[in-house]
Amino acid sequence: MTETSLLDDDFSGEAKAKALEPTKVPERMRELIALIEKWDHEYYVLDAPSVPDAEYDRTFNELKALEALYPEWKNPASPTARVGGAVRSDLAKVTHAVSMLSIHTETDFSSEGAIAFDRRVRSELGLTDDDPVIQYDCELKFDGLAANLRYEKGVLVQAATRGDGQVGEDVTANVRTVRSIPLKLDGDVPDVLEVRGEVIMHREDFEALNRRQAELGQKLFVNPRNAAAGSLRQLDPTVTAKRSLRFYAYALGEVSGGAFAHTQTEVLNRLESLGFPVAKEHSAVMGPEALARFHDDIEALRPTLPFDIDGVVYKVDDLELQKRLGFIAREPRWACAHKYPPEEALTICEAIDIQVGRTGKLTPVARLKPVFVGGVTVSNATLHNEDHIAGLDLRVGDTVVVRRAGDVIPEVVRVLHERRPEGTEPFVMPSVCPVCGSATIRDEEEKDTRCTGGLVCPSQMKLSLVHFASRRAMGIDGLGEKIVNLLVDEGLVKSPADIFSLTHEVLIAPTNATVEGAKPIKRMGPKAASNLLANIAKAKETTFARFIFALGCRHVGEATALSLAQHFRTLDRLEAADEAALMQVDDVGEIIAQSIVAFFKEPHNRTVIEALIAAGVMWPAVEVLTEGATSLVAGKTFVLTGTLPTLSRDEAKDLLIAAGAKVSGSVSKKTDFVVAGTEAGSKLEKAQTLGIRILDEEALMAMLKPSAESFDTVATMPQETDRQEADSQREATQVKPQAPEQGSLF
C-alpha cells in the first residue's frame, strides 16, 4: 500500500471522489481505509499524529464520498462507521451508557457553511421559507480530548475518554488531578449526571511543559492537543498532576430523573452554576446569518484566546427539536462543526533560498508547493536558521507540515521523513553572502549566520547608512531614514563613502521615480540640500571612537568603540589586531573579537574605509599619557548642563569619556563636577545646593589636558561640613586651572 498524498492536485475529498474512474474505486477505498486506520492509531492511541487535521479531513471526506457514490463497495468495517480510534490496551475499558458521537464538519470556511447547516435542519423539520427562523446555540470547537465525567449522588465516580464512541478508557484517577473539575457537586442534582466536555491545555502551559521536557532531554509534544491527550492517558496520575490540564464542559451524557434543562443554553448555564468551567464565548442566536456572524466574530477573537480552537459548533438550542431531528450514521442531525481554514497543511519543500536581512542575518526560506493554510495560499515558510533546519532534518524534496496561525509567518513544523525521495542532500549554509559575495560568519551565541559586508551589502545598506549618520556615530544632522531611503533608491549612494561626494545639483535634481507626464518632484529643496551638505562637511572631522562606532561592526557598541580607540589608538593597529590582541581590551570577549576580525578581514569593508579616508574623514591622533602624567578627570563623574560656547553636549561628553571620566545625566552626591553653560537650569541649582564644584568650558578644557601636577584645588571635592560652609565655598569652586603644557588627548 502506498501512502497517497493529496498534494498531487487541489481537489477537495469530494471532488476527487467524483473524478475517480469507477474501475479504480475499490482499490482507492482500500488505500484510504488503510491510511485512515494508520492515522487514527497515531492520533488516538499514540498521541503522535504524522499528518495535519486538514490532510486527515480531506482523506476521510474522500472515503465518505466514494462510499456514497458506490455503496455496493462499502466495507462494513469502514472507519466512517466509527467515531474515533481504538482504546489503549493498558487502560481499563468503560462502556458508555450514552454513545459519545462526533458531529458533522462543515469544511466550507465561508458563511455558506452556516447557511448549508441551517438549510439541512429546516429540511429535516419540514419547515418552509415562511416558517420562523430556528434558534441555535453557538459554542467553541475545542482542540483537545473529549471526556465523560459520571457523578452519582453528586460525587465523581468515573471518568472516561470518548474512545471509539461506544467504549472509552478509564481515566478517573487522572481526571481527579485536574483542578478545574469538581469532585463533588452541591445543590439539587440528579442521582446520575454525566457531564461531557473537553480536556485541553492552555498555550502557556503547553510551552512551559515543552521547556521542561527539553531541559530533561525528553521528547517534545507536537501541539497542546497531543500534550493534553498524552497527559490525560498517563498510567501514573502523578505525571498527569504536573501537566496543568483544564476542562471545559459543553454537553450531557446519561441523566436520571426529569429534565435537566430544556435548551442547550440552559444546559451550559446550569453546568456553570454547579461549578463546571464553561467557555464564556457561547451565544444563543436566531437564523443562519447570525450563525455566520458568530463564526466571523470568534475567528477575529481566536488569536487572543488562551487555548487552541479549530472552529465553532452550532447546535439546535431546543432539546425537544434535537430529539425530533435524531441522528444519521455516527452524527447528530442537530449539530455541526464549522471549521476555520486549517492552520497546518501538508506540502512539498521544493527549494531552500537565502534572504539577507537589514542587519546582515542570513535567513533560510523554504520554497513550497503552494498550499492553502491559515486562510491564504502559502508558498514560502521561514526556517529561522541552520540549527532549526538540522533539528527538522529538512532537505529539498521532503514532504513537510507547514503551519500558519492568524497573521503569524508560515513555518515548517515537522518533516515526514518516511516520504523522503532518494538522492536528497543535507542543507549547508553558504560561506559567502548571496547578495554581495562577502564572507559569512556564524554567530555561535545567537546561532545565526551573518554577512560580513556591512558597508557594501545592498541588503544592509539602508540600515548601515542610517547608523553611520546617527547622532552618536558620525553625527550627520538631516541624514535620517527618509533621506537615506531616497539616496539609496535613487542609486546616489551605494556605500558610506558616497555620502561625501554628494553635490548640491544632484540633491535638488528631480527624482527618477516621476511618472511620465507628471510634474517633476525634486529630491530636496535648495536650502535643505545646502544644510545637509554643510553637516556632511562638518562630520568629516570626528573622533576615532565615533568612526569605529559608525562602521557598524556587529556587537561593537559605543562603549566598546571607545575602548578600542583608547587601546589601539590608530586604525592600522586596530585593523591588524587578531582575536588574542582584541581580547586584551576591556569589554571585548571572544564573540566580539571574532566579529571585529571578520569585519576587517573582508576586503569590501576595507575598500570602503579607505574611500572614507580618501574623502577627507579624519580624527585627531589619540595620545598616551607619558610616564608620571596624571589625568584630572579619569574616574570622576561629570554632569553637563546648559549651552557651552564652542562645544556641543555630545562633543563635551566624547572628550570626557575619552579621558576616562564618567558622564551622568543627573546630579547627586556622587557627582564630582558639573560643567555649566548658559541657560543652565535645575541641575546647576542642585549642584550649588550640594556644594559640587562647577566648571565652565575653559576650565573643563584645561582639566582635560594631562599633567604631571595634581591640581588639588580643582580635583579635590570640598568636605560638606555644613550647608553654610558649602554656600561660602561656591564662588571658590568656580576655579579655572591653568592649562598644563602636556599635549591634549585628542
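**View 1. Strands S4 and S7 pair within an open antiparallel sheet.** Strand S4 (residues 145-152) and strand S7 (residues 192-200) run antiparallel and are joined by eight bridges, where two strands count as paired if DSSP finds at least two bridges between them. Strands (E, at least two residues) and helices (H or I, at least four residues) are DSSP runs, numbered from the N terminus. Among the bridged positions, Arg-150 has Glu-194 in S7 as its partner. The sheet to which these strands belong is open, has four strands in the order S5-S4-S7-S8 and shows antiparallel pairing; its edge strands, S5 (155-161) and S8 (246-255), each pair on one side only. On average, and with direction ignored, neighbouring strands of this sheet are turned by 30° against each other.

The model is predicted, with residues numbered from 1 along each chain as its sequence is written, and side-chain values use heavy atoms, hydrogens and water being left out. Local features need a pLDDT of at least 70 and side-chain atom pairs count only at pLDDT 80 or more, whereas totals for chains, interfaces and linings use all residues.

**View 2. Strands S21 and S23 pair in the parallel sense.** Four bridges link strand S21 (residues 637-641) to strand S23 (residues 673-676), and Val-639 stands opposite Val-674 in S23. Helix H23 (residues 649-658) lies across S21 and S22, running at about 170° to S21, while helix H24 (residues 682-690) packs on the sheet, touching S21, S23 and S24, with its direction at about 135° to that of S21. These angles run from 0 to 180 degrees between N-to-C directions, with axes being lines fitted to C-alpha atoms, for helices over the stretch in contact.

**View 3. Helices H21 and H22 cross at roughly 70°.** The axes of helix H21 (residues 590-601) and helix H22 (residues 603-614) come within 5 Å of each other, and the two helices are therefore roughly perpendicular, a term that covers angles of 65 to 115 degrees. Phe-599, Phe-600 and Lys-601 in H21 meet Pro-603, Asn-605, Arg-606 and Ile-609 in H22, contact being defined as heavy atoms within 4.5 Å.

**View 4. Confidence along the protein chain.** The chain averages a pLDDT of 85, and 88% of its residues score at least 70; pLDDT is the predictor's confidence in each residue, from 0 to 100. Over residues 1-10 the pLDDT is below 50, and this stretch has 26 contacts in the model beyond near neighbours in sequence. Residues 708-746 also have a pLDDT below 50, with 71 contacts beyond near neighbours in sequence.

Technical notes
Parallel < 35°, antiparallel > 145°, perpendicular 65-115°, else oblique.
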